[in-house]
Amino acid sequence: MLLRKVLLRGASASRLLISNKSPPASLLPLASGCTRFFSSSSQSEGPNDGFVAGQEGGDEQPPATITVDRSGLYHPPDHSHEPTTESELVKHLKGIIKFRGGPISVAEYMEEVLTNPKFGFYINRDVFGAEGDFITSPEVSQMFGEMIGVWVMCLWEQMGQPKKVNLVELGPGRGTLMADLLRGTAKFKSFTDSMHIHMVECSPVLQKLQHQNLKCEKVGNADENGEKSSVTSITGSPVTWYSSLEQVPSGSPTIILAHEFYDALPIHQFQRSSRGWSEKMVDVGEDSKLRFVLSPQPTPATLYLMKRCKWATEKEVESLKQIEICPKAIDLTHTIAQRISSDGGGALIIDYGLNGVISDSLQAIRKHKFVSILDDPGSADLSAYVDFPSLKHTAEEASGEGEAPFWEGPDELAPVGMGTRYLAMAIVNKKQGAPVPFQ
């Protein structure tokens with residue numbers, strides 16, 4: 001009789017566990033070494049659901065216990081629930097460093113800070129103008145965009161006035177430069193009719209601003225993604241947005257504008273040490289704050305460092321204690337030069353930089369003031385001088401022969417309106433000749 005009662009109780013408990021819609025069991029830790037198992041009754045709807053043993057026949061029975069050996073379990077440190085002032089981007093950066101098991105390069109740090117899809121400086125805000133963090137030339141005067149328009153039109157004429165031209169702007173900001181360019185050339189119908197405008201922009205916020213400033217309208221039938229084509233009402237030219245230059249269709253003559261774009265590309269920094277050139281990295285210190293450290297061994301970017309040193313004189317390199325290189329600038333320039341070589345056209349690069357090796361130019365700007373590079377990442381713009389000789393050598397190597405037109409005047413002859421570091425470089429197809437005013 002006793003055996004029958006035990007079997008019936010076991011079967012009843014099994015039915016309770018299977019039919020219960022809530023989790024079938026809850027585990028509560030007891031004193032070291034054991035855990036109590038409470039079955040959850042489907043008939044119980046009180047506040048103690050999940051913690052009361054199923055019963056039958058009114059007889060109260062003590063809950064069953066199971067002894068579990070916990071001696072080999074890992075005990076993680078207690079989590080602190082104190083409030084933290086760390087931003088999500090800082091947590092993300094620390095997570096990358098922890099996952100890697102070591103520091104990240106300055107270039108990786110810059111890329112995350114500026115263009116992280118969720119927290120990047122450029123991604124979710126308008127950073128330009130007096131209310132932003134810095135002001136660029138087009139925001140100062142519409143004459144800047146108009147002058148660029150004159151240059152583009154002159155190059156178009158040198159190209160033989162083709163019927164279709166891809167006009168590409170890298171990092172268009174608010175779209176102010178392109179809007180001024182189009183307004184300044186709107187009366188030259190044959191020129192504007194040939195222009196197919198391509199904006200290379202990764203920020204959704206800035207894309208919307210560009211769409212507004214170019215006075216774009218949706219026209220035509222929707223494509224497979226449900227998107228209609230955009231046309232600027234300033235000139236009637238079609239406008240398309242991309243996240244990278246590689247996505248811009250090839251096959252047509254192309255004119256590329258890169259105004260204050262290269263200075264935001266991620267750089268690698270190297271410092272001379274007892275073992276030679278060591279890359280500067282970003283790590284997490286014992287105080288949980290971000291800090292700079294030196295890599296104990298060569299890094300992949302060392303290959304670009306070696307290439308840059310070959311382009312410089314031995315005396316120039318020996319005088320340096322630090323050096324900056326920008327692999328992405330080199331690769332981008334190579335892509336531009338190859339496209340111009342195959343499709344025709346030209347590129348105009350205007351930026352802050354040097355006609356020589358860059359030593360230590362990385363800076364952070366927040367609300368028009370300089371701040372520490374590692375201070376509150378994502379709240380300040382990061383930029384570095386553009387190494388124009390690197391761009392020149394890259395364009396020459398990509399073209400295979402000859403030289404790209406390149407302004408190499410001494411510093412005292414450089415334009416003074418935006419400072420003596422504001423330089424320009426043109427890359428054009430050799431068949432077209434040197435563009436104005438690079439003759």
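A salt bridge is a side-chain nitrogen of Lys or Arg within 4 Å of a carboxyl oxygen of Asp or Glu. The model is predicted: local features need pLDDT of at least 70, side-chain atom pairs count only at pLDDT 80 or more, and totals for chains, interfaces and linings use all residues. Residues are numbered from 1 along each chain as its sequence is written, and side-chain values use heavy atoms, with hydrogens and water left out.

View 1. D180 and R183 pair through their side chains, 2.8 Å from N to O. Both residues sit in helix α6 (residues 176–185), 3 residues apart, so about one helical turn separates them. Helices (H or I, at least four residues) and strands (E, at least two) are DSSP runs, numbered from the N terminus. D180 is buried at 6% relative accessible area. R183 is partly exposed at 45%. Buried means under 20% relative accessible area, exposed over 50%, and partly exposed in between (1.4 Å probe, protein chains only). Of the 10 residues of α6, 8 are buried. Among them are T176, L177, M178 and A179.

**View 2. The R308–D387 salt bridge.** Here the N to O distance is 2.4 Å. The pair links distant parts of the chain, with R308 in helix α9 and D387 in strand β19, 79 residues apart. R308 is buried, at 3% relative accessible area. D387 is also buried, at 11%.

**View 3. The R366–D375 salt bridge.** The closest N and O atoms of R366 and D375 are 3.2 Å apart. D375 is partly exposed, with 36% relative accessibility. By the salt-bridge rule, the count comes to 8.

View 4. On a 1 Å grid over the protein atoms alone, a cavity is a set of points where a 1.4 Å probe fits but cannot get out; a pocket is an open set with protein on both sides within 12 Å along at least five of seven lines; lining residues have an atom within 4 Å of a point. Grid points are joined across faces, edges and corners, and a volume is the space filled by probe spheres set on the points. The whole structure has 5 cavities of 30 Å³ or more. At least two lining residues come from each of α9 (302–311), α11 (327–343), β19 (386–387) and α12 (388–399). The lining divides into 12 nonpolar, 1 polar and 3 charged residues. Ala, Val, Leu, Ile, Met, Phe, Trp, Tyr, Cys and Pro count as nonpolar, Asp, Glu, Lys and Arg as charged, and the others, Gly among them, as polar.

**View 5. The largest pocket.** Its volume is about 1,200 Å³. The lining comprises 49 residues, and Y122, E260, F261, D263 and A264 lie nearest the centre. Elements giving two or more residues to this lining include α3 (106–115), α4 (137–140), β5 (165–170) and α6. By class, the pocket lining has 24 nonpolar, 13 polar and 12 charged residues.

**View 6. The fold around these sites.** The protein has 12 helices and 20 strands. Of its 439 residues, 44% are buried.
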